[in-house]
Structures are given as C-alpha cells and as structure tokens.
Amino acid sequence: MLRILSSLALAAAIATTPTMFSADAAKAAPKKAYKTCKHKTQSGKIKSWRCGADQPCCSAEMINYYTCGSKTLGCL
C-alpha cells in the first residue's frame, strides 16, 4: 500500500513540474556569464581580460593594473 501511495505521489509531482523541453525553455537564450574587456595602452598594445557580465572593467595603466571592479564599489 505504501508503494502505491508513494508512486502516485511521485507521478503527480512529475506531472505538475514543467519540463526542460517545453516551448518556453527552447526559446530562451542562455545569458553570457562573461565579457571581454579591452584597453589600448600608450605604447599601442591592446590589453584584454575577462570580467563577469555585471562587473565593470577597470584599468590603471600607470601601475600596469587591469582587473574587474565591483558592482557596488565600481573601480576603486
């Protein structure tokens, strides 16, 4: 009896959850997690590095420092 109730509960849970292969899931494009930051130095070279999609690109050319900033603090 317990097996029947648990299998019915499992079947109901599977039937009510949306599937990965629904039409809405197929239309949604995956978001980019990273972006490429580029900075042209005074010598003409192009420095490039990767940051998160929501992080600002920060560069301090005088000390040769190229990094990603913070969403809240920016480029400190």
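Q: Let's start with Thr-41. Is that residue buried or exposed?
A: Thr-41 counts as buried, because its relative accessibility is 13% and the cut-off for buried is under 20%. Bear in mind that this is a predicted model.

Q: Okay, and where does Thr-41 sit?
A: You'll find Thr-41 in the loop that runs between strand E1 (34-40) and strand E2 (46-52).

Q: Which residues does Thr-41 touch, leaving out those up to four places away in sequence?
A: Those would be Lys-47, Glu-61 and Tyr-66.

Q: What does the side chain of Thr-41 make a polar contact with?
A: With the side chain of Ser-43, at 3.1 Å.

Q: Nice. How do E1 and E2 pair, parallel or antiparallel?
A: Antiparallel, with seven bridges between E1 and E2.

Q: Switching topic: which residues make the nonpolar surface patch?
A: Met-62, Ile-63 and Tyr-65 make that patch, and its area is about 450 Å².

Q: Where does Met-62 lie, then?
A: Met-62 is in the loop between strand E3 (57-60) and strand E4 (65-68).

Q: Why does Met-62 count as exposed?
A: Because its relative accessibility is 87%, and exposed means over 50%.

Terms used:
Residues numbered from 1 in each chain as written. Predicted model: local features only at pLDDT ≥ 70, side-chain atom pairs only at ≥ 80, totals over all residues. Heavy atoms only, no water. Helix = DSSP H or I, 4+ residues; strand = E, 2+ residues; numbered from the N terminus. Buried < 20%, exposed > 50% of the residue type's maximum accessible area, 1.4 Å probe, protein only. Polar contact = N/O pair within 3.5 Å; in protein donor to acceptor, adjacent residues only side chain to side chain. Contact = heavy atoms within 4.5 Å. Patch = residues over 30% accessible without salt bridge, like charges linked within 9 Å, V, L, I, M, F, W, Y side chains within 5 Å. Areas by Shrake-Rupley, 256 points an atom, 1.4 Å probe, with all protein chains shown as cover. Salt bridge = Lys/Arg side-chain N within 4 Å of Asp/Glu carboxyl O. Pairing = 2+ DSSP bridges.
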